[in-house]
Amino acid sequence: MHIEPFFDPHTSTLTYLVHDGREGIVIDPVRDYDPRNGHTSWASSERVAAFADRLGLRIPYAIDTHVHADHMTGLPFFAERYGSRTVTGARVGAVQRTFRDLYDLGADFPVDGSQFDLRVDEGKRLRFGSLEALALDTPGHTPAHMSWRIGDAIFLGDTLFTPDYGTARCDFPGGSATELYDSIQRLYALPDETRLFMCHDYRPNGRPLVWQSTVGEQKRHNVQLDARTTREQFVAFRARRDAELAAPELILPSLQVNVRAGRLPEPARNGIVYLKIPLDVLGKGGAG
Ligand SMILES: [Fe+2]
């Protein structure tokens, strides 16, 4: 098994290409979006593709661990270029309902996850080449969040971050610090040497990029939730911290695209595609 990380410095997102030399899957790909001029591009996903093409990989699946609030997903790029089936958690409809209402997407906007090719529950296995990815139900950051186990590696999505940074926020709609605590306990029950791959690295204090850790390292050193942290301590901590956090810069552009599995809205009559920006709602019981 080979694991290739790709880092997007604009959103601090890590995308992974996991492969056996013949077939691979892509986890949490990015569509680039510049909020200053509204330009989108596939530059980040093209870097993954260039690597895959050098090896001649097929890519049967492209996965979002959850509906991202900080970057637009690159799922459509892989669906189009490689015929990858797009994959997300089965409870994605709960997230789609929230944002259908926030963005006024209309009663006919599907909230059954059907924009994604596959909606997976706990225990779902995806075979690719000689490898197999196993879906792990890890809600907390979002209600439909899934992590993926491939061999001795877990692709965490937004659950744990690097030990010096901590854990994912739980203040988005349907988020729950109690659920995140329980999801992380599930990960902490795995063997200490289990490798963990983060979805983000915010490089605290300007340190070099880190994308990998182990269960043992996290249990000893995670600054927000180590082996001794109780559920009560964690839930109280997360509530305090989340109350101080600003919204991610790209939350409003991203969510309306990501609930469509990354497809942009239909063009207006003049042929231009527009995003919607709801005013004075975020942080007031709307989008967290
Ligand atoms: Fe996230």
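The iron ion is held by H66 (NE2), H141 (NE2) and D158 (OD), at 2.0 to 2.4 Å. Donors here are N, O and S atoms within 2.8 Å of the metal (3.2 Å for Na, K and Ca), and water is not among the atoms, so sites may look incomplete. Along the chain, the donors are spaced H-x74-H-x16-D. H141 sits in the loop between strand 11 (131-137) and strand 12 (146-150) and D158 in the loop between strand 13 and helix 4, so the pair ties together parts that are 17 residues apart in sequence. Helices (H or I, at least four residues) and strands (E, at least two) are DSSP runs, numbered from the N terminus. Both H141 and D158 are buried, meaning under 20% relative accessible area, with exposed over 50% and partly exposed in between (1.4 Å probe, protein chains only).

Keep in mind that this is a predicted model: local features need pLDDT of at least 70, side-chain atom pairs count only at pLDDT 80 or more, and totals for chains, interfaces and linings use all residues. Residues are numbered from 1 along each chain as its sequence is written, and side-chain values use heavy atoms, with hydrogens and water left out.

Now for S176, found in the loop between strand 13 (153-155) and helix 4 (177-188). S176 is buried, at 18% relative accessible area. Leaving aside neighbours within four places in sequence, S176 is in contact (heavy atoms within 4.5 Å) with G140 and C170. A polar atom of the S176 side chain also lies 3.4 Å from the backbone nitrogen of T178.

Conventions
Polar contact = N/O pair within 3.5 Å; in protein donor to acceptor, adjacent residues only side chain to side chain.
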